[in-house]
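Subject: Two-chain model, handover and findings

Hello,

Here is the model to be handed over, with notes on what was found in it. Please read the notes with the structure open.

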Amino acid sequence: MKEIVIDAVIENLTSVLNFLDTEMEEKNINAEIQNNVKIAADEIFINIASYAYAPSTGSVCIRVEIINKEIIIEFEDSGVKYNPLEKEDPDITSPAIEREIGGLGIFMAKKIMDTVEYQYKNNKNILKMKKRVQE
Amino acid sequence: MNNDFLSIAEEKIGDKQIKLTVKGQITASSAEKFKKKLDDAIFNKNNYIIVNMSGVTFLSSGGIRVLLMYYKITKGKGGQFFVQEPSNNVKNVLGMVALDEMLYK
């Protein structure tokens, strides 16, 4: 398992994506899965960077493990208690012109990953997501 | 992979018509640059906007938000807004949220 502890600020998104790329490339994860996993991680990180410590800032610990044909990514922050999974899914059946602008990120993360779980433990938000790697 | 490269070239293709050719990664952070270009296009009274995304290797929800925002603004003014030649990644992501209708047919 590898981990980084980084300031939860939007400017650090590139570092987070690079960190995940390095791990996934090392384990020869195919480009499509790599890309999709990064879309999910992009959203989770940006949520933490935008809301967890606002208006102040704090850090987030990101762990990644690729084991038994599964990618496991965990985000842990000490910001305000917030479960993003409680957010209602957007209606994606209506035409684009009638759509709400926001709300797609968490929905996409849930769609991309096989599981996304949230727990609040020891004053920390812990979001863990898993994706099986196809043969 | 380079996770912070984003280039946007613009080309005037007619009266109030513009084509933006986007290359690289539209992450939550680089989406702001993309938004600024579309903002300028609207400010300059363009009502026919084509966004060529053949060179986009990563499209996050932040990028989709920008596409949707300017799709709605342009359509709301009676104009047209298309995504042209989407890369496989773009096609996959727009399909995931059922926004394929933005694609140029």
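The radius of gyration used below is taken over C-alpha atoms, and the globule rule is 2.2 Å times the number of residues to the power 0.38. For the 135 residues of chain A a compact globule would have a radius of gyration near 14 Å, and chain A agrees because its value is 15 Å.

The model is predicted: local features need pLDDT of at least 70, side-chain atom pairs count only at pLDDT 80 or more, and totals for chains, interfaces and linings use all residues. Residues are numbered from 1 along each chain as its sequence is written, chains are lettered from A and ligands numbered from 1 in the order in which they are written, and side-chain values use heavy atoms, with hydrogens and water left out.

Chains

Helices (H or I, at least four residues) and strands (E, at least two) are DSSP runs, numbered from the N terminus. Chain A has 3 helices and 5 strands, in the order β-α-α-β-β-α-β-β along the sequence. Its C-alpha trace spans about 40 × 35 × 25 Å along the principal axes. Buried residues (under 20% relative accessible area; exposed is over 50%, partly exposed in between, with a 1.4 Å probe and protein chains only) make up 50% of the 135 residues in chain A.

Chain B has 3 helices and 4 strands, and its pattern reads β-β-α-β-α-β-α. With 105 residues, a compact globule would have a radius of gyration near 13 Å, and chain B, at 13 Å, agrees. The principal-axis spans of its C-alpha trace are about 40 × 25 × 20 Å. In chain B, too, buried residues come to 50%, here of 105 residues.

Helix α2 of chain A

α2(A) has 22 residues and reaches 30 Å from its first C-alpha to its last, close to the 32 Å expected at 1.5 Å a residue; the expected span is 1.5 Å times one less than the number of residues. Of the 22 residues in α2(A), 17 are buried, and the helix is mostly covered. A:Asn30 caps its N-terminal end, with a side-chain oxygen 3.0 Å from the backbone nitrogen of A:Glu32. That distance falls under the polar contact rule (a pair of N or O atoms within 3.5 Å; within protein, one must be able to donate a hydrogen and the other to accept it, and residues adjacent in sequence count only if both atoms are side-chain atoms).

Cavity and pocket

Both were found on a 1 Å grid over the protein atoms alone: a cavity is a set of points where a 1.4 Å probe fits but cannot get out, a pocket is an open set with protein on both sides within 12 Å along at least five of seven lines, and lining residues have an atom within 4 Å of a point. Grid points are joined across faces, edges and corners, and a volume is the space filled by probe spheres set on the points.

The structure holds 1 cavity of 30 Å³ or more. The largest cavity has a volume of about 170 Å³. Its lining has 15 residues, with A:Ile48, A:Asp77, A:Tyr82, A:Pro84 and A:Asn125 nearest the centre. The elements giving two or more residues to this lining are α2 (31–52), β3 (70–77) and β5 (124–132) of chain A. The largest share, 5 residues, comes from α2(A). By class the cavity lining has 12 nonpolar, 2 polar and 1 charged residues, where Ala, Val, Leu, Ile, Met, Phe, Trp, Tyr, Cys and Pro count as nonpolar, Asp, Glu, Lys and Arg as charged, and the others, Gly among them, as polar.

The largest pocket has a volume of about 380 Å³. It is lined by 20 residues, and those nearest its centre are A:Glu43, A:Ile46, A:Tyr51, B:Gly62 and B:Arg65. Two or more lining residues each come from α2 and α3 (104–112) of chain A and from α1 (31–43) and α2 (61–76) of chain B. Here again α2(A) gives the most, with 5 residues. The classes in the pocket lining are 10 nonpolar, 5 polar and 5 charged.

Backbone points to check

- The peptide bond from A:Ala54 to A:Pro55 is cis, with omega near 5 degrees; A:Pro55 lies in the loop between α2 and β2 (59–67) of chain A.
- A:Asn28, in the loop between α1 (13–26) and α2 of chain A, has a positive phi near 55 degrees and is exposed, with a relative accessible area of 68%.
- A:Asn123, in the loop between β4 (115–121) and β5 of chain A, has a positive phi near 60 degrees and is exposed at 57% relative accessible area.

Regards
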